[in-house]
Amino acid sequence: MSGNNQTIPQKSGFYMFGPHSPESLKAIGVIGDFPAIEPGWDPQGNWSALFRICMISGRVNSFYQSGLLKLTRHAGTQAQDFRLIVDRYMKNETDRCHHHHAEIVCHGDALGSPVSWKLTSSYLTPQGAADPNVSRTTSWKDSGSDGALATSWGLFEAVQRMPFEKLPALEFTMFETLDLPKENQRLSYRGKLTFPTDGGPMALHCFQHLGWGIIPIEYFVDDNHRLVACTNSARVYVLESAALMPLPEVLQPVLAKLRST
Amino acid sequence: MDPNADHTDPMINRRQFLQAGAAGTALLATGGLTYGDSPSVHRKDKPNILFIMTDQQHINAISAAGNPHLHTPNMDRLFRAGTSFSESYCPQPVCIPCRSSIFTGRMPTETGMWMNTARVGQLEESIPTIGEWLQTEAGYETIYAGKWHVPQCNTYDIRGFNTICSGLNHYGDISDELVSRACASYLLQRDDVRPFFMVTSLVQSHDICHWLNTNVPNETVLRYPEIADELPPLPPNFEYDRREPKHLASQRSTRMQPHVGGWEPLQWRYYLWNYYRHVEMVDAEIGRVLNALDRSDYADNTLIVFTSDHGEGMGCHQTVRKGFLYDEAAKVPLIFTFPGRVRGGMVDSSSLVSSVDLTPTFCDFAGIAPPPDMCGRSLRPLLTGEGKAHDTPYLVANYEAGAAKTLQAQDMARMVRTKDYKYILYYDDETDQLFDMKNDPWETKNLSGDTRYASVIGEHRAMLREWENRLKYAPRYAAAGGDCWRNV
């Protein structure tokens, strides 16, 4: 990336040093090449994206495959609004799953600021039913503007509409998983990098996200502005179709369901 | 409860949402809030207890404690509303052993969990957990969410507790949200007249271990130049007295330590900056639980206890992580709040307290005698200003690395902390450490080689012998060679 330091991933026996990036993830076998983009794909239009969620502690052969995230964008009838549907499944060590289903109505501004949302949080028993003691539905509606707002899932959509230019950082308060406010967030274009594919080098663009209450996050989009990966020092989201590692058995029916809807 | 029912919160607007933290602070400060008219949830003799525990949090990693380099509004509201302790220690600065002590009130050498490996076995059957004790002796509903690690890291099978949510491996980044959300939902939806004891066990800031794994090589250029002005300074005891037990030197030179990567000051400061972000992450999750408590029926009759299992090196003595007995790893934050019953806005900087004091303190507030053979004592008199406080003349903490395969005790260490001194002794190392904690609280000068302090060392070793001979070691610990401490 011109003008910025880029740490070259270093494999040192058992460990992988350096921040997680598509290149380092490919070097350790987490992902292969990204699939070709669908014809007519438009970040401002209707699309859906399915991501594998992994936790990586730096050890080359030690990953914790924790879940799946599906985002679906529905362009609104009004020119500047859209809806974002979120389904996130996380599994724990005892193979129980947690499911977030969210419907977010968003402004079409730079951050996809939330207008309203409804979130259902379901802790699934081994039998697949929602545990009523801890499962819950909550909702929220914005009643006025008091500074820029974004949601953590909304940023997956917003980075796909950001220009590949070094501009002043967008500053905002973020609602993490919709209901945990975190102030003093900054999102900006970091630069261009290359991703080695079997068909030759592919251009990727990186956006960096800094702020209170988060460890730095990097979003990687391709030349078509499609988000292909998102990483921080421990958590990785990658397009499911690029993931090479076998999905845990408990998540396989979930994957089938998310692909079919 | 119908799982398909829509437990929908009223639609709230942005201003109300963002001010939820401030509202929570006001509620804690006044202590006079009551929700509803349910007398059964307001039993003074059996208050609810919300026990929130983080992982690997340095005692100074709270902004209200005077640290300007991070923002912890939720820990701050506890700090300002309650009593905190600046001389609070864990029994052994590493996960499995100290957690076994936190939940039993016994030392790790008694619980049988003296090493940080699941191979060491299960908790001694004869020792009850605080969950079991409060259930059977006081009729509490006992609820657990999150990391257990006694010795299984995450499980739904925890003695004495109904587990509502287990953690996700050792990743707080993913796990803590699910744990805090489960606790919040449970508090808001609970339909039970019994008092409750709820444990919210969060993993952050332990994720710094993953960050360290990935960032061993020294970097001479900041990855994010924008944060250059935000980098914290090196700690006052970054330079240290090189006369220390060989275990510590060995620990610094292992593969994943900064000395392997040749860290320079910039990289150390970047690590501190990242560590504080990890603490901020868990602070936000704590806020979710506190806000739910504020909105529940239980806000005015709940004792909130906040601590961490052990500390974090944070560059002090050029250490990271834990597994040694300097204060950065051995000390833990410890805060109690209970409006109207625990003194507010207090920092106790003279009492020596330990995590083994938690079980007897919980029992005291619940109005019952603690389990037998407690190693600690109730802190209630110190918290309420009522009754006679026991003045602890010394406390002891352990470290045992152990041989993971044979489980034979090795690299065994003890710390004896009195009001004025701290003595650290490794069993098979002739280099011990003595620090004058009144005049050298950062532990920068080892006095053990100075003959003027020989009698001080002798007194501390005598205290250690007295302490170890009082303990009832787990049979397997004695069999592993641990009972040598009785004759030190």
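Q: What area is buried between chain B and chain A, and what share of that area do carbon and sulfur atoms give?

A: The size of an interface is often given as the accessible area lost when the parts come together. In this predicted model, about 6,000 Å² is buried between chain B and chain A, and 55% of that area comes from carbon and sulfur atoms.

Q: How many residues does each chain bring to the contact?

A: Chain A supplies 75 residues and chain B supplies 62 residues.

Q: How many salt bridges and how many residue pairs in polar contact are counted between the two chains?

A: There are 6 salt bridges between chain B and chain A. One salt bridge joins B:Glu230 to A:Arg186, with 3.2 Å between the closest N and O atoms.

Q: Which elements of chain B give two or more residues to the side that touches chain A?

A: These elements of chain B are helix 1 (14-18), strand 5 (162-166), helix 7 (172-189), helix 8 (208-214) and helix 11 (265-295). By residue class, the side of chain B that touches chain A comprises 29 nonpolar, 16 polar and 17 charged residues.

Q: How many aromatic pairs does the structure hold, and what is the geometry of the pair B:Phe103 and B:Phe161?

A: An aromatic pair is read from the distance between ring centres and the angle between ring planes. Over all chains, the structure holds 41 such pairs. For B:Phe103 and B:Phe161, the ring centres are 6.4 Å apart and the planes lie at 80°, so the pair is edge-to-face. The two residues are 58 residues apart and link distant parts of the chain. B:Phe103 sits in the loop between helix 4 (95-102) and helix 5 (108-111) of chain B, and B:Phe161 in the loop between strand 4 (141-146) and strand 5 of chain B.

Q: Are B:Phe103 and B:Phe161 buried or exposed?

A: Residues under 20% relative accessible area count as buried. B:Phe103, at 1%, is therefore buried, and B:Phe161, at 9%, is buried as well. Both belong to one aromatic cluster, whose members include B:Phe51, B:Tyr144 and B:Trp148.

Q: Where is B:Gln433 placed, and which side chain does it join by a polar contact?

A: B:Gln433 is in strand 14 (residues 433-436) of chain B and is buried, with a relative accessible area of 1%. The side chains of B:Gln433 and B:Tyr326 are joined by a polar contact of 2.9 Å. Not counting residues up to four places away in sequence, B:Gln433 touches residues including B:Arg243, B:Glu244, B:Pro245 and B:Leu248.

Key. Residues are numbered from 1 along each chain as its sequence is written. Chains are lettered from A and ligands numbered from 1 in the order in which they are written. This is a predicted model: local features need pLDDT of at least 70, side-chain atom pairs count only at pLDDT 80 or more; totals for chains, interfaces and linings use all residues. Side-chain values use heavy atoms; hydrogens and water are left out. Contact means heavy atoms within 4.5 Å. Buried area is the accessible area (1.4 Å probe) that two parts lose on being put together, summed over both. A salt bridge is a side-chain nitrogen of Lys or Arg within 4 Å of a carboxyl oxygen of Asp or Glu. Helices (H or I, at least four residues) and strands (E, at least two) are DSSP runs, numbered from the N terminus. Ala, Val, Leu, Ile, Met, Phe, Trp, Tyr, Cys and Pro count as nonpolar, Asp, Glu, Lys and Arg as charged, and the others, Gly among them, as polar. Rings of Phe, Tyr and Trp (its six-membered ring) pair if their centres lie within 6.5 Å; planes under 30 degrees apart count as stacked, over 60 as edge-to-face and the rest as tilted. Buried means under 20% relative accessible area, exposed over 50%, partly exposed in between (1.4 Å probe, protein chains only). A polar contact is a pair of N or O atoms within 3.5 Å; within protein, one must be able to donate a hydrogen and the other to accept it, and residues adjacent in sequence count only if both atoms are side-chain atoms.
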